[in-house]
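This report goes through the fold and a few local features of one chain. The sequence and model are shown first.

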Amino acid sequence: MRLLLVSCLAAASLTIGGCGLRPLYANGSKGAVAQVLADVDVAAIEGHSGWLVRNALRDRLQATQGGAGAGKRLRLDVRLEDSITGFGVRADDAVTRERRTLRARYQLVDAATGEVLLDATAFSDAGIDVVGSEYATIAAESSALERLSSAVADQIVARLAVFANRGGGQPAAAPAPTPAGQ
């Protein structure tokens, strides 16, 4: 019975290898994805939520930049929309539940030409209980914003990695020299 199980697992592993899957971060820091991510600089983003998202993005991108800071070839422009909506209402019209939503529209721009290479969105939301203590509610809203900023940054970096894996954001190849006399 054990031999049959081992044989089945070995056969299954052989079929998985031929399915076309390949690691997103293949070749580590020398791979195409890491090279593109290392070239990205995150532009300043407005507001407190912008500060949180920018820091989260820079934390994730800094690993590909070898701790050297921002890249120079590509710029990431991000615009945020942060909203809180009350939706749980008691008989006395007091809100008992809120939903905080953070939406980001981001563009990956070639810094030299200004060409937009990628234009996409990311969002996340969180539910918040509104309690009797105003301080506790404000602390819950702030904590939710920190989690949302992290989730949005994760989505953006993942989308940039997929874009780079598909050949986007690669440095332009030098033009082939033309023969003299043409």
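## Aromatic rings and charge

The count of aromatic pairs in this predicted model comes to zero.

Four strands form an open sheet in the order β1-β2-β3-β4, and their pairing is mixed. The edges are taken by β1 (40–42) and β4 (116–129); each has a single partner strand, so one side of each has no neighbour in the sheet. On average, neighbouring strands are turned by 25° against each other when direction is ignored.

Strand β3, residues 95–110, runs antiparallel to β4, and 13 bridges join the two. Within this pairing, Arg 99 stands opposite Gly 127 of β4.

## Helices on the sheet

Helix α3 (residues 47–62) packs on the sheet and touches β1, β2 (74–89) and β3. The direction of α3 makes about 130° with that of β2. Helix α4 (residues 134–165) also packs on the sheet, with β2, β3 and β4 as the strands it touches. Between the directions of α4 and β4 the angle is about 150°.

Helix α4 has 32 residues. From its first C-alpha to its last, α4 reaches 47 Å, close to the 46 Å expected at 1.5 Å a residue. After α4 comes Gly 167, which has a positive phi near 100°.

## Ala 144 in helix α4

Which residues does Ala 144 touch, leaving out those up to four places away in sequence? They are Ala 126 and Ile 128. Ala 144 itself lies in helix α4, and both contacts fall within the residue range of β4, 116–129.

Ala 144 has a relative accessible area of 0%, so it counts as buried, the cut-off being under 20%. Gly 127 is 17 residues from Ala 144 in sequence, while their C-alpha atoms are 8.0 Å apart in space. This is the Gly 127 that stands opposite Arg 99.

## The loop between β2 and β3

Asp 93 is found in the loop between β2 and β3. Its phi is positive, about 65°, although Asp 93 is not a glycine.

Is Asp 93 buried or exposed? The relative accessible area of Asp 93 is 65%, so this residue is exposed, the cut-off being over 50%.

Note on methods:
Residues numbered from 1 in each chain as written. Predicted model: local features only at pLDDT ≥ 70, side-chain atom pairs only at ≥ 80, totals over all residues. Heavy atoms only, no water. Pairing = 2+ DSSP bridges. Axes fitted to C-alpha atoms, helices over the stretch in contact; angles between N-to-C directions. Contact = heavy atoms within 4.5 Å. Buried < 20%, exposed > 50% of the residue type's maximum accessible area, 1.4 Å probe, protein only. Expected span 1.5 Å × (residues − 1). Phe/Tyr/Trp six-rings, centres within 6.5 Å; stacked < 30°, edge-to-face > 60°.
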